[in-house]
Structures are given as structure tokens and as C-alpha cells.
Amino acid sequence: MATNIELFERAQRVIPGGVNSPVRAFRAVGGTPRFIARGEGAYIYDAEGRRYVDYIGSWGPMILGHGHPSVVEAVQQAVRDGLSFGAPTEREIELAEAILALVPSMDQVRLVSSGTEATMSAIRLARGATGRTKFIKFEGCYHGHTDALLVKAGSGLATFGHPTSSGVPPETAQHTIVLEYNNVEQLEAAFAAMGGELACVIVEPIAGNMNFVRASLPFMRRLRQLCSQHGALLIFDEVMTGFRVGLTSAQGHYARLLPGFEPDLSVFGKVIGGGMPLAAFGGKREVMKHLAPLGGVYQAGTLSGNPVATACGLATLREISRPGFFDALAAKTRQLVEGLTAVARENGVPFSADCEGGMFGFFLLPELPQNYGTVMTTDKERFNRFFHGMLDAGIYLAPALYEAGFVSAAHSQADIEATLTAARTALR
């Protein structure tokens, strides 16, 4: 049996950094990544046979836990029928119908293979539909690794983005405007200066890549007003929050708080694939008609609507649509978050936490941050010590300060109690 250290050394010889997605390398927290051999329910097992309570859940999709019988059965049947056809299947229609039934803001949806592909395509569609080129994103919101999205804010108001990745030419990002999350004044100033040039605004309604930071109601209300007033499309990136924070996703949450609220375009991933590579973007028919083969905005993919992925996604959506599913999941997540907060208070550690549905986040700060700049003030070294304390106790949290966590339906009362016991020791 190979150890995690041996596997990491071997991986680094053939894979850049030893991983196929950077955060997995443990560079942020130090130490050796755990190489996972299998998952079962709320647990994952590493190459050395050690079990961990899993609060990553493949970064969100495993809302039912690992190896849910109904999902496994659906995937096995799909595999027997064929892995890929490059031609339409009835199951693509079924999944599209299932998604649209739960998302009233969309009339049509296009299936793709990754969240990055979906956000890239949604922005291209917005540009094609409006005939404009500039768009707004917010610092700390991650929308995939497309060139134009790998930028952050500079100093000053409505600063044009500068690439934060090598290999991205400055001219590629020249139409990307980066603003501070939850900053209404910056938003109003940007629209006043260039509202007629903006194709769209893309936003995570609950940002999951600066840990867990939700958009305030005044910010979301004004964002919707300004987009409507200036003819820019509002894109909700729900790759992480979609069918994770509730059955109607984050936009359903905001629609309950702001009656009549809805985005123009929505992007989904993770849960709708149940752990398989699948994502989607969609909106009203009037916008979607610009997409090829109907319109001039081109988008294509050999594996789009893959029959195995759609089977996995459909089975997952059926399970989470059962009555009471999200009530139980949300109660479990709240219990975890409230328990962690109480344990931190017992130990005199600055701590704040928030959650929605099966998604949560915590900060070693006395109050919840509202933007990326405040998130960055967190004591990184203290977090790293906490992370390793939890890992040593068999609790697998995200190996980075800036990532949200996820609870699944498979997590038990005993799992949460074990997590709080481990946290009490780690925080002490």
C-alpha cells in the first residue's frame, strides 16, 4: 500500500505540482495532500485506509453523500447503454425539463461539461444578445479560469482588471471591470460612467471562493435595478449554490426576500451533475434564441449532455426534490455552524459563521466579512493550525482559508458531534 507521501512524490514527477487542480496541493495550508481511494456516505478514505468525515463533498456536488444507491444504479444503467454518442438523447431533455421546473427565471437551458465552460458561454451570449463588450465582475467571486475572468480589482473606483494569471494578455482583460462585492456606491458609479457599454454583470449570489459571503439585500436590489435600467444582463453564477442552498437555488432565496426578483441568465454546475462533469446555462427564450444553431453566438461541445452525466444528475435532482429534504439538510448544517461558533466562544477564539441550505463557511474573525478585502484580514496561520488539527482528528475541511464547506444528507448526528469534539481540541 502506497502512502500519501509516496503518491504525492510520484504525482509531482508527472503532473505539475502533483495535482490536477491547484487547491488540492495543500500549498495554502502546508503538509501532504490526502490521496483519496474511495468514498462512502459522509466519509472518504485515503490511500492509507484512514477515514475522514468529508465536508468538501467534491466541492459541492455530493449533496447526497458518496455512493448513494439510486445514483449509482442510474449511472450503472447508463454505462451499460453507452458512454457517449455525440448525438441527442432523451435524457438530455429530461434533465433540462427537471432544471427548468425548479428555476422559473429560465425558459431554456444549454448543457455543457464544466462550470468554466458555462460561465464563459453565458458571458459570450450576453455580449451577443446586447451587442456590447464590457462586463462587471466582483473581487473574490470566482467564475472559472477563462482568460477574461482571471482578473481582480486594482486601486480606485471601477478599475479595469489586470490579469492575475501568467499567460493572460492584458488586452484580453481590458473589457473586464472589477468592483468590490457588496459595495453599492461603486456599482452606481460604474453604471453612471459606462452603463450603456455594459453587456452584463456576473455575480455569485453567495460567494463560495472567499469562503462564504452572501450578497446583501440592498446590494442585490440595486444591482437588479441598475441592470434593468441600463439594458445590461444580470448573470447569476450558481455553479456552487445551485440546488445546494435550496431546491430553488440562491435566486429562489432572493426572490422570497425581494418579490419579483430574478436574474436574466443563470449558470449551474456541481449538484446538477451529481459528481459527474456537467454544467448548464440558461435564461429567457428571448436571450437564448441568440445561441447557435438559432443565432450567431457559437457554443459547442463533444461531451455536452453526456448520457452518463445526465443520468447521474437526474437521479440526484429526483432525490433532493423529495419533501423535507432541504429542511433536514439545512437544520443539520445550522447545527454544525452553531456548534462550531459555541466551541470557538468557549475557547476565546474570534469566530463568525454563516450557512444556507447545505453550504456553510466560517472565519476566524469577530464579525462576518462583506467583501474580499475583509476576508483577507483573517489570521491565515491560525486557520492552518486549525485545519491540521481537524485533519489529524479525521475531519476533512477545505485545505484553504477561502473555500466554503458542504454538508450532505449522509452526515449523521454522530458525525456532527465528532466534528465539534475535534474542533474543541483543535481550537484549544
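Predicted model: local features only at pLDDT ≥ 70, side-chain atom pairs only at ≥ 80, totals over all residues.
1. Cavity count. Searching the whole structure turns up 3 cavities of 30 Å³ or more.

2. Lining of the largest cavity. The lining is made up of 13 residues, and F362, L397, A398, E403 and G405 are the closest to the centre of the cavity. Strand β16, residues 359–363, contributes 3 residues, the most to this lining. Sorted by class, the lining has 9 nonpolar, 3 polar and 1 charged residues.

3. Lining of the second largest cavity. Here the lining consists of G41, A42, D54, G57, M62, G65, H66, R244, F406, V407, S408 and H411. By class, this lining has 4 nonpolar, 6 polar and 2 charged residues.

4. Dimensions of helix α12. This helix runs over residues 380–392, which is 13 residues. From its first C-alpha to its last, α12 reaches 18 Å, close to the 18 Å expected at 1.5 Å a residue.

5. Buried side of α12. Which residues of α12 are buried? They are F383, N384, F386, F387, M390 and L391. These residues lie on the same side of α12 because they cover an arc of only 165° around the axis. As background, an α-helix has 3.6 residues a turn, so residues three or four places apart point the same way.

Definitions and conventions
Residues numbered from 1 in each chain as written. Heavy atoms only, no water. 1 Å grid on protein atoms, 1.4 Å probe; cavity = no way out; pocket = protein on both sides within 12 Å on 5 of 7 lines; lining within 4 Å. Points joined across faces, edges and corners; volume = space filled by probe spheres on them. Helix = DSSP H or I, 4+ residues; strand = E, 2+ residues; numbered from the N terminus. Nonpolar A, V, L, I, M, F, W, Y, C, P; charged D, E, K, R; others polar. Expected span 1.5 Å × (residues − 1). Buried < 20%, exposed > 50% of the residue type's maximum accessible area, 1.4 Å probe, protein only. Arc of directions from axis to C-beta.
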